[in-house]
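Work through the following exercises with the sequence and the model at hand. Each task is followed by a solution in steps.

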Amino acid sequence: MYKYDAIDRQLVNERVEQFRDQVRRWKSGKLSNDEFRPLRLQNGLYVQRHAPMFRIAVPYGMLNSTQLRKLAFLARTYDRGYGHFTTRHNLQLNWPKIEDVPDMLAHLAEVEMHAIQTSGNCIRNVTTDQFAGVAADEIIDPRPLAEILRQWSTFHPEFAFLPRKFKIAISGTREDRAVTWFHDIGLHLKEVDGQVGFTVIVGGGLGRTPIRGQIVREFLPWQDILTYSEAILRVYNRFGRRDNAYKARIKILVQALGVEEFAKQVEAEWVHLKDGPATLTQAEYDRVAAHFAAPAYEPVGDVALPDEKAFRKWVDRNTHPHKVAGYAAVTLSLKPHGIAPGDITSEQMETVADLADRYSFGELRISHEQNIILADVKQSDLYEVWQQTKAAGLATPNIGLLTGIICCPGGDFCDLANAKSIPIATAIQQRFDDLDYLFDIGEIDLNISGCMNACGHHHVGHIGVLGVDKNDAEFYQVTLGGRQGNDAKLGKVIGPSFSAEEMPDVVDKIIKVYIESRHADERFLDTLDRIGIDPFKNRVYEGRAHGKAKVAQKEAA
Amino acid sequence: MAQLIKNGAVAVDSWKTLEINEADTAESIALPAGDIIFPLAVWQARKAEIIAARQRIGLLLQPEDRVEDIADDLASVAVIAINFPKFVDGRGYSTAALLRQRYGYAGELRAVGNVLHDQLFFMKRVGFDSYAFTDGKNAAYALEAGFRPFSDAYQAATDESQPHFRRRA
């Protein structure tokens, strides 16, 4: 993975001292709260319900074991001994003290990490596919270009105060695993006539106004990615709305102008930047790409695995095909039933760091599904890895299954949330705690967000759950049919929302309709696409009181 | 009054900004003598009159004003002030970058409005060379620490035409 050189190290160290000085000036009253706010946000520091929240960047999801041990140390020393992996390659700590954050940043800088631009109205952490570099369906490894974009976006002087946050995702595989259709810029790497470049998608996003992105350029040579991005950002910085934070994302500008006009403005800007000094060089690409060279795989070949049923279940769900024969990518589930999805303790982080050292060249990745991946495990080591991850509570075989829920921190932690999300996830996990039944149900994405900001990606869950606030009470709206990937689309709302207590029953009814209606080999989504949402809707709302009847029922109770 | 930072020091400001009151219009407002920074509307309405009467001319651009609209006037102008009504409104950075990099403006480029210590580095990078630093804030400390929190940068900008990757040995 990428190793800092002199300038990377210098900038991150200088950032620590800059923030230390800003905290000092804020404490002594020389910076007002309003003046300090964007500065702390651009260092990942929120002031939240119970305590500050601190968001650490894991650029494009890559970590080494030394870095993970440092995260374990930070969580133990400055927090309550655990952290939370988010859907955008970040680790969040929920209880640090503001005064400690400069020291925490200094610790991170020691291991080539930071919290730069993990929040605020600026270019955020660039994200990609957790299987980058090892996926069997990969066309081009997106990580060198992700690192180049990370450097370019770091302290970009023109784009530190955008109308709103700005997120970039890159995918280099046939099957998009980076949710590129729902980012401010989504990039699909591809090769056309021997030339490597991108399809450029702009104006996607989840949140309050979920919109699928649109293609502004079918093919952009890779050398032009920085100049073209600058053209997009400049159009957005100048003309994006600033009068209403809810209408300030680039997706609103693209919708207002229409994608053709937006693309025209970008191209008009790009004419002036194209072939300028920011055009990437082969030398720079090669320098960065050398950091992502394949590790020293052994020529082992595929092996036969033990027949033990529980182990086979885990292999089936928690391993992913590797481009090198004899290897597999292993997903450690941070979704054990009854624990907040994405949470991990310091002890578990240290165990995972040890496993990475022993079995996966000392490296690991974070997925947007909030799990950890050991990307390069020999198949002959899988049984040992399974036993050790099982002992650490990280081997729940539920990747891609109903209980492998994507979930935001929700109302238990987050100031923005309308409703709690973690208790809904755990209640559903408890209801579906039977592994055989979970396997029988098969592949299904259940995503939960505690508010319309959609950090839990509920819009693209096959089943999506959104927490809403009605007269100070928490309710949950259910959508069906959303999906990520190449055919990414938004789910449809099935009807009126439910109370927290109703949610396990609601999911149960949806699953029952599927089980009863499915053809052999049909996954949940296939059945849903075939029969439509009405049968699900009818079952869920069957016998359920509405409107006046509901009020009468309540009064009677 | 803001504290003018220019050429690495706190400087005396000879320029005054023409304020349009409610009773005035761009067409009717009296044009005072001396070094005046004119709002864009006044400049556009009275360009010939202003050029005929004075040696040194200043222009004030608001965040929404388009550089393209004054691109042909730059040779007549000695100072362009770009207003930051709130420091979190970042449009002025693009305005400055365009003036310097695309239109080759070489006169004084001044940041005015909510100009604070922690944005000076970005402002300098996009091409500002004078700063109407907010009154009541520590200008001496800004001069000491505000302009160089970072000793280098990855991107090309007005102050460095080559990105870092083209400057590698």
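**Exercise 1. Chain A as a whole.** Find what share of the contacts in chain A with a separation of 6 or more comes from residues 24 or more positions apart.

Solution. Residues 24 or more positions apart account for 67% of those contacts in chain A, a contact being two residues whose C-beta atoms, placed from the backbone, lie within 7 Å. The model is predicted: local features need pLDDT of at least 70, side-chain atom pairs count only at pLDDT 80 or more, and totals for chains, interfaces and linings use all residues. Residues are numbered from 1 along each chain as its sequence is written, while chains are lettered from A and ligands numbered from 1 in the order in which they are written.

Next, take the dimensions. A compact globule of 557 residues would have a radius of gyration near 24 Å, and the 23 Å of chain A agrees with this; the radius is taken over C-alpha atoms, and the globule rule is 2.2 Å times the number of residues to the power 0.38. Of the 557 residues in chain A, 54% are buried, that is, 20 or more other C-beta atoms, placed from the backbone, lie within 10 Å of their own.

**Exercise 2. Two helices.** At roughly what angle do the axes of helix 5 (residues 143-153) and helix 9 (residues 282-289) of chain A cross?

Solution. Helices are DSSP runs (H or I, at least four residues) and strands likewise (E, at least two), numbered from the N terminus. The two axes cross at roughly 110° and come within 9 Å. Helix 5 of chain A is therefore roughly perpendicular to helix 9 of chain A, the class for angles of 65 to 115 degrees. The axes are lines fitted to C-alpha atoms over the stretch in contact, with angles from 0 to 180 degrees between N-to-C directions.

Then list the residues that meet: A:Pro144, A:Glu147 and A:Ile148 from helix 5, and A:Tyr285, A:Val288 and A:Ala289 from helix 9.

**Exercise 3. Strand 16.** Which strands of chain A are joined by bridges to strand 16 (residues 446-449) of chain A?

Solution. Strand 15 (residues 406-407) of chain A runs parallel to strand 16 and is joined to it by two bridges. Strand 17 (residues 463-470) of chain A is also parallel to strand 16, with four bridges. Pairing requires at least two DSSP bridges between strands.

Now locate A:Asn447 in strand 16: A:Ile406 stands opposite A:Asn447, and A:Asn447 stands opposite A:Gly464 in strand 17.

Finally, check the faces. A:Leu446 and A:Ile448 lie on one side, A:Asn447 and A:Ser449 on the other, and all are buried.

Conventions: Angles under 35 degrees count as roughly parallel, over 145 as roughly antiparallel, 65 to 115 as roughly perpendicular and the rest as oblique. A residue is buried if 20 or more other C-beta atoms lie within 10 Å of its own, exposed if 12 or fewer, and partly exposed in between; C-beta atoms are placed from the backbone.
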